[in-house]
Amino acid sequence: MPEPEEESLSVFDAEGRVVGALPRARAKRSRLAVGAVNILLVSARGEVLLQRRPEDKENGGRWDKTVGGHVDEGETFDEAAVREAGEELFGDGTSPRVRLARDEAELSRLLATADLSSQIVFRRVALQLNLRDVRIEPGGSGIKNVVYHVTSYLGRTDVPLDGFRPQEDEIAGLRYASPAEVDALLVRGELAPNMAFLWLTHAQALLALAGSP
């Protein structure tokens with residue numbers, strides 16, 4: 001696989017249309033929007049699965065959403081979400097343990113039939129155009145702003161922590177955190193900035209899934 005700085009990412013106009021592709025670093029420096037996916041998963045216990053960012057990455061040392069990543073050249077947002085979830089949580093971008101529901105009805109069916117002790121299930125719930133993201137540079141050396149078109153996904157899993165195979169170069173650790181613990185991380189400034197945004201905007205809908213069959 002290419003190194004992250006060599007990846008070719010789709011770039012978009014302000015209305016969400018793909019207008020080309022650029023290497024990762026150039027895409028982030030451009031005035032064009034970059035596509036991104038954010039996934040939040042909750043367990044039956046109502047605990048949110050968080051990942052910790054490695055110290056040498058953007059937002060290093062902070063707790064972040066369950067899965068996050070960029071839309072590669074030629075990918076749809078949904079394809080990127082499935083690939084990123086497989087890579088980051090199971091070490092396989094095509095993992096059968098990742099289940100994307102097309103709509104609310106399919107999500108309900110999957111939550112009732114999937115083995116959530118070994119799989120993750122989620123669906124798209126939002127598209128945010130022209131989000132001005134704030135990122136802390138590696139080592140806390142500065143702040144970076146990137147314009148993103150972001151799709152957000154919410155879902156469920158009951159996979160135990162030792163059942164994941166987190167991507168070592170992207171994830172320093174995983175934890176399940178109660179809503180009160182996530183609130184405390186936010187107040188202490190220990191969440192990545194974009195995770196704070198996701199928590200404020202999607203926590204209610206995410207936690208409602210905890211009571212699903």
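Modeller: Let's start with contact, which means heavy atoms within 4.5 Å. In this chain, residues 24 or more positions apart account for 62% of the contacts with a separation of 6 or more. Please keep in mind that the model is predicted, so local features need a pLDDT of at least 70, side-chain atom pairs count only at 80 or more, and totals for chains, interfaces and linings use all residues. Residues are numbered from 1 along each chain as its sequence is written, and side-chain values use heavy atoms, without hydrogens or water. The average pLDDT (the predictor's confidence in each residue, from 0 to 100) is 94 for the chain, and 97% of the residues score at least 70. Residues 1-5 fall below 50, and this stretch has 6 contacts in the model beyond near neighbours in sequence.

Now to your core. Of the 213 residues in the chain, 50% count as buried (under 20% relative accessible area with a 1.4 Å probe, protein chains only; over 50% is exposed, in between is partly exposed). A nonpolar core joins buried Ala, Val, Leu, Ile, Met, Phe, Trp, Tyr and Cys residues through side-chain atoms within 4.5 Å. The largest one here has 25 residues, and L50, V182 and M195 are the ones that touch the most other members. Strands β3 (33-42) and β4 (48-52) and helices α3 (104-113), α4 (179-187) and α5 (193-208) each supply at least two of its residues; such helices (H or I, at least four residues) and strands (E, at least two) are DSSP runs numbered from the N terminus. Helix α5 gives the most to this core, with 5 residues. Apart from this core lies another, of 23 residues, including F12, I39, V159 and L174.

Beyond its neighbours within four places in sequence, L50 is in contact with W63, D64, G173, L174, R175, A177, V182, L185 and M195.

Leaving out residues up to four places away, N194 touches N59, D64, K65, D133 and R135.

For another buried spot, look at H149 in strand β9 (residues 143-157), with a relative accessible area of 1%.
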